[in-house]
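Visitor: I have not looked at this structure before. Please take me through it one question at a time.

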Amino acid sequence: MTEKEKLHSGDLYFPSGDEIMKEQLACLDKLYDFNMTRPTELDKREEMLKSMFAEIGENCYIEPPLHANWGGKHCHFGNNVYANFNLTMVDDTHIYVGDYTMLGPNVVLATAGHPILPELREKAYQYNSSVRIGRNCWLGAGVLVMPGVTIGDNTVIGAGSVVTKDIPANVVAVGNPCRVLREINDHDREYYFKNKKIDYDKL
C-alpha cells in the first residue's frame, strides 16, 4: 500500500512524501483562488467549489475564507449546506456533511491525528479517520469536531463545544467534551429563543 493509499485506510503514514505533496499543493492553489474571489462573484464561487470538492450539492454557500488541507478534495457536502467565515476542514480523509446543515463561524472538522508515542510523532507520522455530520444539523460558532466522530441528523451542537465522541440524532449537545444536554422536544416547537415564541402565521 502506498503512502497516498493510506490516507483513507486509518493506517499510520508519512504525509509529506513527494506524491502526496504535489497533489495537495495543486488543491491548495485552487483554494487560494477561491478565497481571493469578490463577494459579488457568487456564480464563480459555485463553479469553483464544484471543481474543488469531492461532492457538493445544490444551493451550498461557503463564506470565504475557507481553510482545508486538501482544498475540499475529500469533502462531500449535500444540498443547501451553509458555512460561515473560517470553516476549517482538515480533510486528509473524507468529511461528509448532510443536506441543510449549518456551520457557524470558526468551526473545525478534523480528520487527522498523530500518535501519542513521542518517537512516532517526531517522525511526523499521521493517521486519518472520517468525520460525518448528519442532515439538518447546526454546529454553533467555534465547534471543534475530532477525527472519527459522527453527529446524527437534526442535532444542534452548542457554540465552543469540543466533540470527541459520536452524538446521536435529534438532540442538543454542548460542552468540552461535548455531551448530550437534552432531546429536541415540544418546547422547541413553541419557542425559538429563550421566551420568544414562534409565530407560525408569519412564517
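Visitor: Which element gives the largest share of the lining of the second largest pocket?

Guide: This is a predicted model. About 190 Å³ of space lies in the second largest pocket, and of the 13 residues that line it, Leu42, Glu46, Leu49, Cys60 and Tyr61 are the closest to its centre. Two elements, α2 and β2 (61–62), each supply at least two lining residues. The largest share, five residues, comes from α2.

Visitor: What is the volume of the largest pocket, and which element gives the largest share of its lining?

Guide: The volume of the largest pocket is about 730 Å³. Among the 22 residues that line this pocket, Trp138, Val156, Ile184, Asp188 and Tyr192 are the closest to its centre. Two or more lining residues come from each of α4 (186–190) and β20 (191–193). The largest share, four residues, belongs to α4.

Visitor: How do the residues of the lining of the largest pocket divide?

Guide: Five of the lining residues are charged and six are polar. The nonpolar ones number eleven.

Visitor: Which element supplies the largest share of the largest nonpolar core?

Guide: This core has 36 residues, and Phe53, Phe77, Met89, Leu109, Leu139, Val145 and Ile151 touch the most other members. At least two core residues come from each of α1 (18–35), α2 (42–52), β4 (75–77), β7 (95–97), β12 (131–133) and β18 (171–174). The largest share, three residues, comes from α2.

Visitor: Leaving aside neighbours within four places in sequence, which residues is Phe77 in contact with?

Guide: Phe77 is one of the core residues that touch the most other members. With those sequence neighbours left aside, its contacts are Phe53, Glu55, Ile56, Gly57, Cys60, Ile62, Leu87, Met89 and Val97.

Visitor: How many residues are in the second, separate core?

Guide: Leu7, Tyr13, Cys27 and Trp70 are among the members of this second core. The number of residues in it is five.

Visitor: Which strands are the edge strands of the open sheet?

Guide: Five strands form this sheet with parallel pairing, in the order β3-β6-β9-β14-β17. An edge strand pairs on one side only, and here these are β3 (67–68) and β17 (162–163).

Visitor: Which residue in β9 does Met89 stand opposite?

Guide: Strands β6 (residues 88–90) and β9 (residues 108–110) pair in the parallel sense over three bridges. In β9, the residue opposite Met89 is Leu109.

Notes: Residues numbered from 1 in each chain as written. Predicted model: local features only at pLDDT ≥ 70, side-chain atom pairs only at ≥ 80, totals over all residues. Heavy atoms only, no water. Core = buried A, V, L, I, M, F, W, Y, C linked by side-chain atoms within 4.5 Å. Buried < 20%, exposed > 50% of the residue type's maximum accessible area, 1.4 Å probe, protein only. Contact = heavy atoms within 4.5 Å. 1 Å grid on protein atoms, 1.4 Å probe; cavity = no way out; pocket = protein on both sides within 12 Å on 5 of 7 lines; lining within 4 Å. Points joined across faces, edges and corners; volume = space filled by probe spheres on them. Nonpolar A, V, L, I, M, F, W, Y, C, P; charged D, E, K, R; others polar. Pairing = 2+ DSSP bridges.
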